[in-house]
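Please find below a short note on the structure under review.

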Amino acid sequence: MIRKHITEQTAIFFSVTKWVVLSSFVGVMIGAIVTLFLKILQIAETSRSDIPFSYYYLLPFALFLTVWIVRKFAPNAEGHGTEKVIEAVHKRYGQIDIAVIPVKLFATVLTIFAGGSVGKEGPGAQIGAGAASWLSDILKFSPEDRKKLVICGISAGFASVFGTPIAGAIFGVEVLIIGVILYDVLLPSFIAGFAAFTTAQFLGVEYTYFDVHFYQNISLDIPLILQVVAAGLFFGFISD
C-alpha cells in the first residue's frame, strides 16, 4: 500500500512538473509571437498616413489578396479564427498546420491596414494554437497531450493579445467545451497565460485598461426595473 502510494505521488509530481515546464515554455514562445503580431499591426496602422489617398480604397484589393493567400497556403486560417481552433480541438486533437501562423498574421494585418472590420482575439488564439500544435509535433506528443498543449496555446494567445491572463486561461479551458471545465489542464493554462502576458509586457506591449468603479449605494428605480422586465418579456415573445 505504501509503495503504491509513493508510486502514485511520484507520477503526479512528474506530471505536474512536466506541464509546468511545457506551459511556461509555450507561454513565453507565444507571447513573443503575439508581440511580433501586435508590433507589425501597430506599424501598419500608423503607416496609413503615408498613403497619398484614403486607405479604405485599398479594402477591395486587400480582401481579394487575403482570400487568395488563405485559400492557397492555409485553408484552415479562413474565418474569424476561433471556430477553426474549436474544430481542431474537437475533431483533430488540436492538429493545426504551422502555415496558419504566418498566413493568419499577414491576412489580419493587411485587412486591418485597409480598414477591414476584423479583430485580434481570433487570430491571437489561432496563432497560439498553431504554435502549440507545431511544438507538439516536434516533441511527438500523443493526441491527448497535443490537445492539452494546444489549449494552453489558445490561452496564451488570448492572454497576450488583450493583456488578460486569467480570462485567457478560462477561455481556453471552458469556452472550447461550453459549460465544462477541463480541470487537468486548468493549471497549465493559467501558467501559459501569465507567461505569455509577462513576455509580451517585457517585450514592450502596452495594454489599455479601463478603471471601472463599483458603488455599493445603488438606488432602486422601481419604474425603470418594471420597464426592463416588460422589455425583456416583449423581446422574448418577439424572438420566438
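1. In this predicted model, the largest nonpolar core comprises 50 residues. Those touching the most other members are Ile30, Phe37, Val109, Ala129, Leu149, Val150 and Ile154. At least two residues of this core come from each of the following: H1 (2–46), H2 (59–73), H3 (82–91), H4 (100–113), H5 (121–138), H6 (143–162), H7 (165–175) and H8 (186–202). The greatest contribution is that of helix H1, which gives 10 residues.

2. Leaving aside residues up to four places away in sequence, Ile30 touches Gly128, Ala131, Gly153, Ala156, Gly157 and Ser160.

3. As to the overall fold, the protein chain contains 9 helices and 0 strands. Read from the N terminus, its elements follow the order α-α-α-α-α-α-α-α-α. Of the contacts between residues at least 6 apart in sequence, 76% join residues at least 24 apart.

4. Concerning burial and surface, the protein chain has 240 residues, 40% of which are buried. Its accessible surface amounts to about 14400 Å², and carbon and sulfur atoms account for 69% of that area.

Note on methods
Residues are numbered from 1 along each chain as its sequence is written. This is a predicted model: local features need pLDDT of at least 70, side-chain atom pairs count only at pLDDT 80 or more; totals for chains, interfaces and linings use all residues. Side-chain values use heavy atoms; hydrogens and water are left out. A nonpolar core is a set of buried Ala, Val, Leu, Ile, Met, Phe, Trp, Tyr and Cys residues joined through side-chain atoms within 4.5 Å. Buried means under 20% relative accessible area, exposed over 50%, partly exposed in between (1.4 Å probe, protein chains only). Helices (H or I, at least four residues) and strands (E, at least two) are DSSP runs, numbered from the N terminus. Contact means heavy atoms within 4.5 Å. Accessible areas come from the Shrake-Rupley method with a 1.4 Å probe; for residues, only the protein chains shown count as cover.
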